[in-house]
Every structure is written in C-alpha cells, then in structure tokens.
There are 2 protein chains.
Amino acid sequence: MKYSKATNYALHTIVYLALLPPGKTIGVKPLAEAQKVSPTYLSKVLTKLVKSGFIESGTGVNGGYQLIKDAKDITFLDIIHAIEGTTSLFNCGLDHTIHDRQNCFIEKVMNEAEQKMEDYLRSQTIEHILQKVDKNIVNRIRSVVN
Amino acid sequence: MKYSKATNYALHTIVYLALLPPGKTIGVKPLAEAQKVSPTYLSKVLTKLVKSGFIESGTGVNGGYQLIKDAKDITFLDIIHAIEGTTSLFNCGLDHTIHDRQNCFIEKVMNEAEQKMEDYLRSQTIEHILQKVDKNIVNRIRSVVN
DNA sequence: CTAATTAAAGACTTCGTGAATCTATAATAT
DNA sequence: ATATTATAGATTCACGAAGTCTTTAATTAG
C-alpha cells in the first residue's frame, strides 16, 4: 500500500504554483522539468486538479496553469482526494459469521484509523508548507519565472 | 491506495483463532472456508503470521494453527506490518530545488499523518475486538470446533 | 513401516492498475 | 495563418496483488 507518484506530483505542483507571484501562469513544461517527469503525464495529473477547482488552465501563447484557491484553504486531504479518490483504504468484503452480519468490528477499527490520518491531513494546508520554505528559494523561483 | 486482501484475511484469522479454546489447533481448511478463500492462498498468509510469531503451526494429523500470543498483546499495527511490510506510505523521491535538498516538507507532513494512523492501530488490540463479539457467536464457533 | 494428514515452498498464471508515451484535437494569442 | 498550449484518447509497459498447482517435509495413527 503506497501513495501514488501522481499524488506527489500534485502536491509539489500546488506548492510550486503557490510560490509564484499572484496571477502569474506557468506552463507544464517547466513544472515537469522541475519534477523530472514527462510533460504529458504531468498534464494528466494537473487536469485533475483543474477539474477539482484548485488550479485554472489556459491554452495558447500565454496559457498555462495558475492557482485559483488560497493556499490557506487547500488542505493536503483535498489534494489527495482529488488524485487518489475518496474510497476508504480498507473494505472487509467477507460474509460475516464471526461478527454481526451488518458491521465488521475489524473494519470499524481500520476505518477509524484512517480517520485519524485524514484528520491530520485535513489540518495541514499548503500555507503551512509555504511558511517553512526558505525565502531564498522563494526568490530564486520567482526570478526564474520573471 | 488500498490495504491488501491478505491483511483482511490475516486480521480475521487471528480473531478466529483467539476465539478458540486455548490450546486448540485448527487446520487451514475450515479457516479458508469461513473466509471463502482457497486454502493454499490462505496458508501463504498464515505462514507470514507464523514467521512473525503470532501463531504456531504443526504438521500431521493433529496439526494446524493456534495462537501463541495473548490477544491483548497483539495490536492491529503488528498484524498489518507483518503482512504489508513496514515501509512508509509516502516517499518523495524528488530532487528538491523548491525546499531543502535533505528534507521534503511535504513528505514530513505525509509521514506525520501516517503516524497518526499507526498510533491508533497500535492502540487497538485483538482483545478489543473479542470484547465486542457476541457471546452467542463465540459459543457457536467453539461448538463447531469441538 | 506405511499411509494419511497437514503445513511450507516454489513455480507459475492471471488480472488490474500505476505510470508513462504518442498522437490527435481544441483553444488562444501574436 | 501560425505558433503555442492544454485536453483527450488510445495504447503500452511493468509490477504487484491474488490466486492456483505441484512437490516436499514433517507428524501421527494404524
């Protein structure tokens, strides 16, 4: 059981976009280069983020992507759900003779555990990450863009 | 990202074994039937539990499996680790220009989230499940065995 | 000692999905 | 009109989960 690489790309791209000057757009190519992934594949990931309402895309010469939600309103859980989906990690599909037929006690524990993880991921926003990023690095990124 | 079926089989088998009268062994066939899975596949799962020290196996006529750890000393996390392994759910393999080269802030958040889940899974033991199981069902299982 | 029983181990198959590529197509700006 | 950019679709590839089959080893009963 592992988080997908797509989730990693999505998280990093959102942070990257959040570091850009407000209103500034950036194409998929530099984003892909920064993460050493192919532009076509990354674009598939980003399209999910567009459809989920985190970022906006534009075609043509000055097109590209830009963040349209405030970093403090984007939680880790939001992004993860956009990429991985929202189905729970554990499903006991067994026909229970041991326990109640309706509810599996094991499943309840597993779901509660997942909730603990989600609670934390919901509490952590992109803004929290931005606050940790070295100002020098922020300036470097913005200078590359301009 | 999902927990494997093997983890589900392992958890249910441990609970089943814990419901048996102490010292009683049971073969893989009835265990497999109860979970509607093939005996050969379930035996692969159970072998992992043997090697991890939760259960004991014996060959021959009165062989089979039995629990050798106290239910109150078996946590969900123990079993999950035995089946799924202990590698973390998230690994940022990126060469960081955005953040420090050494530590990815995103990865730190993801790992902390996983810790929250693990903390809970570590707090929940098989004993907790046993306490919830209907006494009628316990008696039925034991009567089937005897 | 032999036959029956049982788990363990290894090779193998099947299937689904993550990861990625390639090739259009559509939209936009100069 | 042409270049630029994202989107969509088809397709490929690799890997691991899930499961089967067969053989081997260990144990007990007769």
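I'll start with one residue, A:Thr40, which sits in helix H3 of chain A. A:Thr40 has 9 C-beta neighbours inside 10 Å, so it counts as exposed; the cut-off for that word is 12 or fewer. The C-alpha atom of A:Thr40 is 8.3 Å from that of A:Val28, and these two residues are twelve apart along the chain. Before going on, please note that this is a predicted model.

A:Lys36 lies in the loop between helix H2 (28-35) and H3 of chain A. What is the phi of A:Lys36? The value is about 55 degrees, which is positive, although A:Lys36 is not a glycine. Most residues other than glycine have a negative phi. Is A:Lys36 buried or exposed? A:Lys36 is exposed, because there are 9 other C-beta atoms within 10 Å.

Chain B has its own entry here. B:Lys36 is found in the loop between H2 and H3 of chain B, and its phi is also positive, near 55 degrees. B:Lys36 has 9 C-beta neighbours inside 10 Å and so counts as exposed.

That brings me to how the two chains are related. Two copies of a chain are related by a rotation about an axis and a shift along it. Here, chain B is superposed on chain A by a rotation of 180 degrees with 0.0 Å of shift along the axis, and the RMSD is 0.0 Å. The two copies are therefore related as by a two-fold rotation axis. Which residue of chain B comes closest to that axis? The residue is B:Met117, with its C-alpha at 2.4 Å.

Now the contact between the chains. It takes 37 residues from chain B and 37 residues from chain A. On the side of chain B that touches chain A, H1, helix H2 (28-35), helix H4 (76-84), helix H5 (105-123) and helix H6 (126-132) each supply at least two residues. H5(B) gives the most to this side, with ten residues. By class, this side of chain B divides into 22 nonpolar, seven polar and eight charged residues. Why do we say that the copies meet through the same surface? Because 100% of the interface residues of chain B are also interface residues in chain A.

A word on the nonpolar core. The largest one has 77 residues, and those touching the most other members are A:Ile14, A:Ile106, B:Ile14 and B:Ile106. Take B:Ile14: leaving aside neighbours within four places in sequence, B:Ile14 is in contact with B:Phe54, B:Ile74, B:Ile79 and B:Ile126.

Last, the DNA. DNA strand C is surrounded by 26 residues, and the closest are A:Ser4, A:Lys5, A:Ser38, A:Gly60 and B:Ser57. Helix H1 (5-19) and helix H3 (39-51) of chain A, with helix H3 (39-51) and strand S2 (64-67) of chain B, each supply at least two residues of the surface near this strand. Which element gives the largest share? H3(B) does, with five residues. The surface near DNA strand C has nine nonpolar, 16 polar and one charged residues.

For DNA strand D, there are 26 residues around it, the closest being A:Ser57, A:Thr59, B:Ser4, B:Ser38 and B:Gly60. The largest share of the surface near DNA strand D comes from H3(A), with five residues. By class, the surface near DNA strand D has nine nonpolar, 16 polar and one charged residues.

Note on methods:
Residues numbered from 1 in each chain as written. Chains lettered and ligands numbered in written order. Predicted model: local features only at pLDDT ≥ 70, side-chain atom pairs only at ≥ 80, totals over all residues. Near = placed C-beta within 6 Å. Helix = DSSP H or I, 4+ residues; strand = E, 2+ residues; numbered from the N terminus. Nonpolar A, V, L, I, M, F, W, Y, C, P; charged D, E, K, R; others polar. Contact = placed C-beta atoms within 7 Å. Least-squares fit on C-alpha atoms with pLDDT ≥ 70 in both. Core = buried A, V, L, I, M, F, W, Y, C linked by C-beta atoms within 7 Å. Buried ≥ 20, exposed ≤ 12 C-beta atoms within 10 Å, placed from the backbone.
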